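Here is a short briefing on how this chain packs. Have the sequence and the model open as you read.

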Amino acid sequence: MKLSRRSLLAGTAAVAALAAPAAPAQVAPEAAGRRLRTGFERLAADGYALLDGQRVGIVTNPTGVTRDVRHIVDVMHADRRVNLVAVFGPEHGFRGTAQAGGSEGRYDDPATGLPVYDTYLKSGQPLADVFAASGVDTVVFDIQDVGARFYTYIWTLYDCMEAARLAGKRFVVLDRPNPVTGREALGPVLHKEFATFVGRQPISQAHGMTVAELARLFNGEFLTAPVPLETVLMTGWKRSDFYDSSGLPWVPPSPNMPTPDTALVYSGTCLFEGTNLSEGRGTTHPFELLGAEGIDGRWAAAANGLGLPGVHFREAYFAPTFSKFQGTTVGGVQIHVHDRAAYDPVRTGIALLVTARKIWSGFTWRSDNWIDKLTGSTQVRTMIDAGAGTDEVVAGWREELAAFRKLRKEYLLYG
């Protein structure tokens with residue numbers, strides 16, 4: 001990466017009218033007197049000065065809400081200080097009516113009359129053409145992420161940044177917390193030849209960053225050329241904070257992400273999408289319940305026998321209402337995290353794959369090797385197939401993860 005490019009990145013961060021200091025003061029959790037303020041809260045408190053004189057379009061979904069759960073599109077549309085002219089909906093849609101792998105299409109929002117454009121599965125020049133047709137000057141991004149590489153909203157962010165650059169638009173990111181903390185990056189790093197919409201660029205499986213930090217990383221390392229980027233940071237957030245310390249309401253970012261507890265396990269157990277086991281879709285505990293026909297209590301016993309930190313496994317039986325094994329009672333495990341600080345979701349996910357393959361003769365990978373897209377290479381699949389244990393599999397990505405952690409440090413904005 002050229003030094004001039006990083007200098008430009010530092011400049012764009014510095015000129016953001018509401019950017020927080022690079023090393024904010026350490027303060028106690030909200031319960032002890034600290035109040036987290038999101039990027040949108042700070043933008044609004046400043047009278048939307050950062051958007052003054054701009055025709056604004058916003059990329060958002062149902063998570064783009066205020067502390068009193070009003071949608072920010074409704075709030076901004078009603079405020080004469082903002083010229084909001086368009087909304088851009090990602091996977092699941094702006095109002096969140098679509099299931100996984102779907103979107104709402106192009107329509108006029110009944111509540112505001114604003115045109116809603118569909119960004120799902122659009123990138124590059126086709127998405128740039130959408131931005132151009134909308135007539136906006138500035139594209140704003142405000143979506144709650146969950147901290148996993150394969151959660152598609154961060155790649156909506158990436159695609160929209162690249163498209164805004166192509167269309168000659170300014171880009172503003174309103175920051176929100178990483179709900180599973182920003183303490184550390186975990187898991188395998190994507191290999192570029194496995195790039196898809198569940199992983200465009202080589203970041204780790206659990207990235208440990210906020211969307212504003214990711215935007216700076218994308219701008220400095222991965223975009224074809226930098227987009228004019230400004231970030232409105234949070235105040236009152238520390239990297240060790242879990243979502244329940246934020247004082248913010250939780251709105252499911254997607255239909256199968258109902259709680260912050262789901263997000264806590266997701267970066268590991270989403271790997272079961274790449275197998276013939278249910279990942280709990282169609283239950284009240286997606287990604288916390290895993291199972292298949294023919295599995296019994298031996299799986300929970302094997303997983304508990306590993307002594308993984310921070311987690312217990314309960315023998316569980318459930319009947320998904322949709323997705324894999326719809327209407328069929330299956331056996332498996334329920335994940336119970338009892339020590340969030342000690343829990344490693346990615347290591348736990350690998351351990352569950354290893355033990356499932358050992359105790360259940362019916363275990364198979366999805367025929368399209370989707371597991372390789374989720375993990376970012378063939379390494380996890382081939383090592384598990386060769387009989388490798390959890391420690392061996394985890395050791396296989398150690399060097400690449402160390403390199404990503406070093407790069408990641410350059411773009412962190414909070415203490």
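**Cores and helix packing**

Of the 102 residues in the largest nonpolar core, Leu-157, Phe-171 and Trp-299 touch the most other members. A nonpolar core here is a set of buried Ala, Val, Leu, Ile, Met, Phe, Trp, Tyr and Cys residues joined through side-chain atoms within 4.5 Å, and buried means under 20% relative accessible area (1.4 Å probe, protein chains only). Please note that this is a predicted model: local features need pLDDT of at least 70, side-chain atom pairs count only at pLDDT 80 or more, and totals for chains, interfaces and linings use all residues. Residues are numbered from 1 along each chain as its sequence is written, and side-chain values use heavy atoms, leaving out hydrogens and water.

- Leaving aside neighbours within four places in sequence, Phe-171 is in contact (heavy atoms within 4.5 Å) with residues including Leu-157, Cys-160 and Val-227.
- A second, separate core of 21 residues includes Met-76 and Leu-174.

**α4 against α5**
- Helix α4 (residues 124–134) packs on α5 at about 70°, with the axes 8 Å apart; axes are lines fitted to C-alpha atoms over the stretch in contact, and angles run from 0 to 180 degrees between N-to-C directions.
- The two helices are therefore roughly perpendicular, the term for angles of 65 to 115 degrees.
- In α4, Leu-127 and Phe-131 are among the residues that meet α5, where Cys-160 and Ala-164 are among the partners.

Notes. Buried < 20%, exposed > 50% of the residue type's maximum accessible area, 1.4 Å probe, protein only. Helix = DSSP H or I, 4+ residues; strand = E, 2+ residues; numbered from the N terminus. Parallel < 35°, antiparallel > 145°, perpendicular 65-115°, else oblique.
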